[in-house]
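Good morning, and thank you for coming. Please take a moment to look at the structure on the screen before I describe it.

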Amino acid sequence: MIARIWRAAAARDKAALYQHHFATRVVPHLEAIDGFSGASLLRREVEGGTEVLALTLWQGLDSIRAFTGSDPDKAVVDPEAQAMLTAFDATAANYEVVVDIRQNVRGAEAAPQVERST
């Protein structure tokens, strides 16, 4: 299995838009590719905005090439996503998964968003 990691940045007011784009446009596209095994989108607040890290899982480099074309390190960022981002990597890093321990739980997309006051 291959873990593919890609990073981008967004203004704070656009980060939720990109998160929605990832969940509703990117993931369904990836799910149609043979060998796609899963995706997570991570985010953290940083000085000047929000950093996002996309982690996708694939059965092998050939599956990734079905997404990227001949270069499996090439990032695929459609114009709609580019408009939401302040910066993004032109390449992605592909790592062989050598240890994989996960709990049997769904990601944050299933959890309700709760505003908390301090």
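I begin with alanine 23, which is found in helix α1. Helices here are DSSP runs of H or I with at least four residues, strands are runs of E with at least two, and both are numbered from the N terminus. With a relative accessibility of 43%, alanine 23 counts as partly exposed. In this scheme a residue is buried under 20% relative accessible area, exposed over 50%, and partly exposed in between, using a 1.4 Å probe and protein chains only. Alanine 23 and serine 40 are 17 residues apart along the chain, and their C-alpha atoms are separated by 9.2 Å.

A word on the source. This is a predicted model, in which local features need pLDDT of at least 70 and side-chain atom pairs count only at pLDDT 80 or more, while totals for chains, interfaces and linings use all residues. Residues are numbered from 1 along each chain as its sequence is written, and side-chain values use heavy atoms, with hydrogens and water left out.

Let me now turn to the overall fold. The protein has three helices and five strands, and along the sequence they follow the pattern β-α-β-β-α-α-β-β. The chain has 118 residues, of which 32% count as buried.

Next, the charged pairs. How many salt bridges does the structure hold? There are seven salt bridges, each being a side-chain nitrogen of Lys or Arg within 4 Å of a carboxyl oxygen of Asp or Glu.

One of them joins glutamate 45 to arginine 12, with the closest N and O atoms 2.9 Å apart. Because glutamate 45 lies in strand β2 (residues 36–46) and arginine 12 in helix α1, this pair ties together parts that are 33 residues apart in sequence. Glutamate 45 is partly exposed at 43% relative accessible area, and arginine 12 is also partly exposed, at 48% relative accessibility.

Another salt bridge is formed by arginine 25 and glutamate 80, whose closest N and O atoms are 2.5 Å apart. This pair links distant parts of the chain, with arginine 25 in helix α1 and glutamate 80 in helix α3 (residues 79–84), 55 residues apart. Arginine 25 counts as partly exposed at 47% relative accessibility, and glutamate 80 as partly exposed at 37%.

A further salt bridge pairs glutamate 51 with arginine 44, again described by its closest N and O atoms, which are 2.5 Å apart. Arg7, Arg44 and Glu51 are linked in a network of salt bridges.

Arginine 4 is buried yet has no salt bridge, and the nearest side chain of opposite charge, aspartate 73, is 5.5 Å away. What does the side chain of arginine 4 make with the side chain of asparagine 94? The two side chains make a polar contact at 3.4 Å. A polar contact is a pair of N or O atoms within 3.5 Å; within protein, one must be able to donate a hydrogen and the other to accept it, and residues adjacent in sequence count only if both atoms are side-chain atoms.

Glycine 60 lies in the loop between β3 and α2 and counts as buried, at 19% relative accessibility.

Helix α2 (residues 61–68) contains serine 63. Serine 63 is buried, with a relative accessible area of 12%, and its side chain reaches the backbone oxygen of aspartate 34 at 3.3 Å.

To close, I return to helix α1 and its part in a pocket. In the lining of the second largest pocket, α1 has the largest share, seven residues. β1, α1 (12–31) and β3 (49–58) each supply at least two residues of that lining.

Thank you; I welcome your questions.

Notes:
Lys and Arg count as positive and Asp and Glu as negative; His and the chain ends are not counted.
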